Amino acid sequence: GLPPGQGLDIAARLQRQAPGATAQPRHVFVLVLEGQHGFPLLQEYRPWGLYPGLARLADQGAWFDRFIPSGRQTDNTLGVLVSGTLTPDLVVLMDPGAHRELPTSTAPHFRRLGYTTHFFYGGYAGWGRLDEFVLGQGFERLHTASELPGAPGNAWGVWDAHLLDHVLATVDASQPSFNVILTTNNHSPFDLPESLLPPLPALPAQAPAWDTMTRRVLQHEMYVDREVSRFVDAASRRFPGALFVITGDHQAYAAR
């Protein structure tokens, strides 16, 4: 028990302080890839050659091969990343009570560290009340497909290549920035033009059993791999010393 007259300071008991990096990165890019899997990065699947770009980045950085998503849809994962709350079964984006900064919100902490905070989405602000949620959670600027009216895309938004090029053109290299980027193209109806889809590599013997849609989905994942790795290479040149965090949001297919 506690000595008489002494209370329990829960916050003090739970507080932890990390030593931090020796040099603070001027730019941080968190890429949340719609429907992107991690299995092509596992050693037994590396020979398939589905993610040559992400495999290279994983080998150059820190790669976590065991990672549990916060839910089964983008809303769940995004809610956790932006608000800092653990809500696997609650779509935080839809909760008016969450449309304000919380003590765990990500963006305000980066603002206090001197970063300009951007949220980039390849789709439109009205999806899931994204605009109210992101801005209410402390991001200073929200960028969506509406800023790229001439860019090709589908009902979800613009092609990821145009979104990522927009990030490169928008972020000011002279001003420290924290940027969350949410892609859209690895998602049904999987209708990227054939001219944009990378060819599938030679796959193992069981591959002929895969139907046409499975192969098309894999090509969309390869498209995202190509464009994200291209973005990281270009952003590394434009923003030397930048930190890149890349994750998927949820599984898109699995054995049931």
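Reply: Happy to. A cavity here is a set of grid points where a 1.4 Å probe fits but cannot get out. Please keep in mind that this is a predicted model.

Searching the whole structure turns up one cavity of 30 Å³ or more. The volume of this largest cavity is about 40 Å³. Its lining is made by N154, W156, W159, T184, N185, H187, S188, F190, D191, L192 and H220. Sorted by class, that lining holds six polar residues, four nonpolar ones and one charged one.

One of those lining residues, H220, leads us to helix α7, which spans residues 212-238. In general, two packed helices are described by the angle between their axes and the distance between the axes. For α6 (residues 160-170) and α7, the angle is about 10° and the axes are 10 Å apart. The two are therefore roughly parallel to each other, since angles under 35 degrees count that way. From α6, the residues D160, A161, L164, D165, V167 and L168 meet Y223, V224, E227, V228, R230, F231, A234, A235 and R238 of α7. This contact has 10 nonpolar residues and five charged ones, with no polar residue among them.

Now turn to α2 (residues 52-60), whose axis comes within 7 Å of that of α7 and crosses it at roughly 45°. That angle makes α2 oblique to α7. On the α2 side, P52, G53, L54, R56 and L57 take part, and they meet D225, V228, S229, V232 and D233 of α7. Here the residues divide into five nonpolar, three charged and two polar. V228 of α7 has a part in both contacts, meeting α6 as well as α2.

The largest pocket has a volume of about 1200 Å³. It is lined by 37 residues, and F64, F67, I246, T247 and G248 lie nearest its centre. Two or more lining residues come from each of β1 (27-33), α2, α3 and β7 (243-248). Strand β7 gives the most, with six residues. By class, the pocket lining counts 24 nonpolar, 10 polar and three charged residues.

Helix α3, one of the contributors to that lining, deserves a stop of its own. Nine of the 10 residues in α3 (residues 74-83) are buried, so the rest of the structure largely encloses this helix. The buried ones are T74, D75, N76, T77, L78, G79, V80, V82 and S83. Just past the end of α3, G84 has a positive phi of about 75°.

P25 sits in the loop that joins α1 (10-14) to β1. With a relative accessible area of 21%, P25 is partly exposed. Leaving aside residues up to four places away in sequence, P25 touches Y115, G241 and L243. The C-alpha atom of P25 is 5.5 Å from that of A242, although 217 residues separate the two along the chain.

Note on methods
Residues numbered from 1 in each chain as written. Predicted model: local features only at pLDDT ≥ 70, side-chain atom pairs only at ≥ 80, totals over all residues. Heavy atoms only, no water. Buried < 20%, exposed > 50% of the residue type's maximum accessible area, 1.4 Å probe, protein only. Helix = DSSP H or I, 4+ residues; strand = E, 2+ residues; numbered from the N terminus. Axes fitted to C-alpha atoms, helices over the stretch in contact; angles between N-to-C directions. Parallel < 35°, antiparallel > 145°, perpendicular 65-115°, else oblique. Contact = heavy atoms within 4.5 Å. Nonpolar A, V, L, I, M, F, W, Y, C, P; charged D, E, K, R; others polar. 1 Å grid on protein atoms, 1.4 Å probe; cavity = no way out; pocket = protein on both sides within 12 Å on 5 of 7 lines; lining within 4 Å. Points joined across faces, edges and corners; volume = space filled by probe spheres on them.
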